[in-house]
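Trainee: May we go through a model together? I would like to begin with the terms.

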Amino acid sequence: MLVFLNVYSATTTRQAIYHGKAATLQDKAQLVTSSFSGMEALNAENINQVITVLGDLNVSRLVITDGEGRALYDSLTQRPAVGQFVLLREVTEALAGQDVFYCSYAGGQLLSQAAAPIMLYGNPIGCVYIADVDRDQGGVIQALESNIMRISFGVEAVLVVFSVLFALNTSRKMRKIILSMQNAREGEYSRKLQVHGTDEYAALAKEFNKLTDRLQISEQAQRQFVSDASHELKTPLASIKLLSDSILQNEMDADTMREFVADIGSEADRLTRLAQKLLAISRAESVKPEHEVVDLAQTIGKVYKMLVSLADEREIRLTCAMDKGCTVMTVEDDMYQIIFNLVENAIKYNNDGGLVYVCLRRQEDDVVVTVEDTGVGVPEDAVPHIFERFYRVDKARSRQAGGSGLGLSIVHELVQRNYGEISVEPREQGGTCFTVRFPRFDVEVEP
Ligand code: ADP
């Protein structure tokens, strides 16, 4: 701001000097031309008369020309131009009838030139040319110009210093970010970027730290998943190995052998179920779902058909109550998997002769599915964990029931990706109640 004020004041001072000079010289030129008014012609005699009357005009040079630009008078004592044509722009323009003034500054001197026509009956019969060299004013302008030069140089120097510092600071920050990216690429997430201030680099560093946090969490979860999955696969495989070794190494009667082979078969079934669940998880994570209008009553009907025989085996009564028009814009396979897993669990963790009650209701803008059972129930301390992968409340019971600890985690994932909500609560009379809620999608019915 201060710099601009300085430059502005220097420029206006220079303008003021030029204007002052113009006024003075033009006044003097006018004074000379008016002294010739009324004279019929210009000649050495009347010019000398006028010059004598006017006295010293205090200018560097005064020239009076005739109508063709030839000098009739020149105040220069050394090599005056009298008798010669004065080839100056100012003279030519004045002879064309104009009052002119030019000012130029060079080498510490201010050169001002003014010219005015001497008119007779509206025509120029000559002109007055005045030139003045002013060293004092030139000195003022020189001081102003060197002042501006110094200021510009100072500003440029400051700008250069700032630009260099800024560039160094920027490249230092960029190097840090690149180094952290290289570390993250190598799997080293612990080195966080320091976040200072609120500029773009701080925002970038913040985002980068969040990204590496997420990568770290997902990498850990993936590692945990792989280790849990291999652990789950190892157990039935070890049983199969043990059983087959026993058959090969021991003499045994046909009935025992049949029993061992049946055990191998059920371990193989468990492996198949586990593989199916792992596939369901990977599908839920990767496949882009296609949404369609799904009537949940039909989905529950399909699940009922699939699981009623499993319930019958243990004399568990599977009943359903459903409202009409419970339609949802969703993925049919996801809905089937959610309801299937919940109903299957309600049977698996039920007591023989128990009850499973599936209910489908319209509630305000939602569709609500509840799956209640009269089974063993979920202990209070286990509730926060039952949706975690491979979590089982009672490992032995779950294993015996053919569980893998993956069913509810799949349900949770699918509910979330279909914009639903799931909750679990114990029933007063014993057993558990799972509630799933989805936004309803009403289909217009033709009248
Ligand atoms: P699993 O394949 O072992 O059934 P889930 O993820 O489906 O795995 O369930 C996790 C755990 O939650 C089960 O091991 C079981 O202990 C408990 N659980 C799930 N549903 C019920 C239920 N309806 N009643 C009692 N416990 C349940």
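Mentor: Helices (H or I, at least four residues) and strands (E, at least two) are DSSP runs, numbered from the N terminus. This is a predicted model, in which local features need pLDDT of at least 70, side-chain atom pairs count only at pLDDT 80 or more, and totals for chains, interfaces and linings use all residues. Residues are numbered from 1 along each chain as its sequence is written, and side-chain values use heavy atoms, with hydrogens and water left out.

Trainee: Where is Y419?

Mentor: Y419 lies in the loop between helix 10 (407-417) and strand 11 (421-426). Its phi is positive, near 60 degrees, although Y419 is a residue other than glycine.

Trainee: Is Y419 buried or exposed?

Mentor: Y419 counts as exposed, at 65% relative accessibility. Buried means under 20% relative accessible area, exposed over 50%, and partly exposed in between (1.4 Å probe, protein chains only).

Trainee: And what is the phi of E364?

Mentor: E364 has a positive phi of about 50 degrees, and it is not a glycine. E364 sits in the loop between strand 9 (355-363) and strand 10 (366-373), and is exposed with a relative accessible area of 76%.

Trainee: Now the whole chain: how many helices and strands are there?

Mentor: The protein chain has ten helices and twelve strands. Its radius of gyration is 52 Å, well over the 22 Å that the globule rule gives for 447 residues, so the chain is more spread out than a compact globule. That radius is taken over C-alpha atoms, and the rule is 2.2 Å times the number of residues to the power 0.38.

Trainee: What does the C-alpha trace span?

Mentor: Along its principal axes, the trace spans about 160 × 65 × 35 Å.
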